[in-house]
Amino acid sequence: MTGARRIVVKVGSSSLTTAAGGLDADRVDALVDVLAKHATGSGGAAAREQREIVLVSSGAIAAGLSPLGLPRRPRDLARQQAAASVGQGLLVARYTASFARYGRRVGQVLLTSDDTSRRAHYRNAYRTLEQLLAMGAVPVVNENDTVATEEIRFGDNDRLAALVAHLVRADLLVLLSDVDGLYDGNPASPGTSRITEVTGPADLEGVEIGSAGSAGVGSGGMVTKVEAARIAAAAGVPVVLASATHAADALAGRRTGTYFHRTGRRAAGRLLWLAHASTPRGALTLDDGAVRAVVQRRMSLLAAGVAGVEGDFAAGDPVELRDGRGVAVARGLVNFDAKEIPQLLGRSTPELARELGPAYEREIVHRDDLVLLDV
């Protein structure tokens, strides 16, 4: 932890706002005090020898509740987007003013899952974050709640933080909340204790994991934090889950919260996003030969191996690839609209090229746009 040079820090709504909605300036300033201390430098060669911080911050919707007269976080997407529209400006303005006390600039980066599962969008997000860090700015990342539909939402910023950690090749992910770590039961119940380290999934067998906190201003909970830790650790990024009040200890490498050891190696870039951040718009059923080609030989999916199609999707959308039993074995970005695929089913690529033209001489899903799923 002490050797981490690039760190993604995620902070939840409950650590930044009041239960009634509205930003708590003192809480924001306290967090920035810690981050500024551990993210020194102002660009150039000197900054590369210092720690770089990427902040994934919730709080936009919560910050917009009070100004709009909303007593609690709304459940419908339209009012959530309205609250985010008002609150996002207030949130970034607060961070801008707070970091300015240390002569630091901030840059706002708003993402949807659609921005990061598609190749060109993924590269653009990566370049923007890299350039902000190179220029000595602190990127403040949030989901773009004002425009995201249900189909392209991350759903919680814990998962977003795990994926951003992978995107920027972070050395460490720190998840901050109002809980001081993962417990083996309800922290309020007698006899429960904090789990200090998690070396793998087996350490969590039988652990009771709670949902969202009592503040009611966030969308996550311990379930989403553990899932985010699992995603990051499997992609080669260790994770610390700690209370926001212990942020300084977490960044200094002192024992606090729960430490999740890395369990895997870094995966291919945007394919992690495709696996964990995309929502399939449809499904393709594969014959047995195509399943073996895709799963075992890691090949592209050709029209000859497709036995059926479901859903209403467009070229470039994510779709599930299912075997004959209906089990999803992979996910990929499809090269054709749903309405085009029925005429392609079971036919060879040369045959399609002869009859329909060169535009059909391509894969249904290219192997570079395909990720296998755990089954």
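Predicted model: local features only at pLDDT ≥ 70, side-chain atom pairs only at ≥ 80, totals over all residues.
A polar contact is a pair of N or O atoms within 3.5 Å. The protein chain contains 12 helices and 15 strands, and buried residues account for 52% of its 375 residues. Of the contacts in the chain with a separation of 6 or more, 72% are made by residues 24 or more positions apart.

- An open sheet is formed by 8 strands in the order 3-4-2-1-5-9-10-8, with mixed pairing.
- Its edge strands are strand 3 (106-111) and strand 8 (197-198), each of which pairs on one side only.
- Strand 3 runs parallel to strand 4 (residues 138-143), to which 6 bridges join it; within this part of the sheet, G107 stands opposite P139 of strand 4.
- Strand 1 is joined to strand 2 by 6 bridges, and the two run parallel; I7 has I53 as its bridge partner in strand 2.
- Strand 1 also runs parallel to strand 5 (residues 172-177), with 5 bridges between them; here V11 has L176 as its bridge partner in strand 5.
- Because 6 of the 6 residues of strand 1 are buried, this strand is largely enclosed by the rest of the structure.
- From strand 1, R6, V8 and K10 point one way, whereas I7, V9 and V11 point the other way; all of these residues are buried.

**Helix 4 and its aromatic pair**

- Helix 4 (residues 77-100) lies across strand 1 (6-11), strand 2 (52-57), strand 3 and strand 4, and runs at about 155 degrees to strand 3.
- The whole structure holds 2 aromatic pairs.
- One of these joins Y95 and F99: the ring centres are 6.4 Å apart and the planes stand at 40 degrees, so the pair is tilted.
- Y95 and F99 are 4 residues apart in helix 4, and are therefore separated by about one helical turn.
- An α-helix has 3.6 residues a turn, so residues three or four places apart point the same way.
- Y95 is buried, with a relative accessible area of 0%, and F99 also counts as buried, at 1% relative accessibility.

**The stacked aromatic pair**

- F336 and Y360 form a stacked aromatic pair, with 5.6 Å from centre to centre and 15 degrees between the planes.
- This pair links distant parts of the chain, 24 residues apart: F336 belongs to the loop between strand 14 and helix 12, and Y360 to the loop between helix 12 and strand 15.
- Both F336 and Y360 are buried.

- Strand 13 and strand 14 pair in the antiparallel sense over 5 bridges, and P318 stands opposite L333 of strand 14.

**The buried face of helix 11**

- In helix 11 (residues 288-295), the residues A290, V291, A293 and V294 are buried.
- Seen down the axis of helix 11, these buried residues fall within an arc of 165 degrees and therefore line one face of the helix.
- The cover over the buried residues of helix 11 includes strand 11 (282-286), strand 13 (318-322), strand 14 and strand 15 (370-372).

**R347 in a loop**

- R347 is located in the loop between strand 14 (328-333) and helix 12 (349-356).
- With a relative accessible area of 17%, R347 counts as buried, because the term applies under 20%.
- A polar atom of the R347 side chain lies 3.0 Å from the backbone oxygen of Q343.
- Leaving aside neighbours within four places in sequence, R347 is in contact with A303, A304, L352 and E355.

How values were computed:
Residues numbered from 1 in each chain as written. Heavy atoms only, no water. Buried < 20%, exposed > 50% of the residue type's maximum accessible area, 1.4 Å probe, protein only. Polar contact = N/O pair within 3.5 Å; in protein donor to acceptor, adjacent residues only side chain to side chain. Contact = heavy atoms within 4.5 Å. Arc of directions from axis to C-beta. Pairing = 2+ DSSP bridges. Axes fitted to C-alpha atoms, helices over the stretch in contact; angles between N-to-C directions. Phe/Tyr/Trp six-rings, centres within 6.5 Å; stacked < 30°, edge-to-face > 60°.
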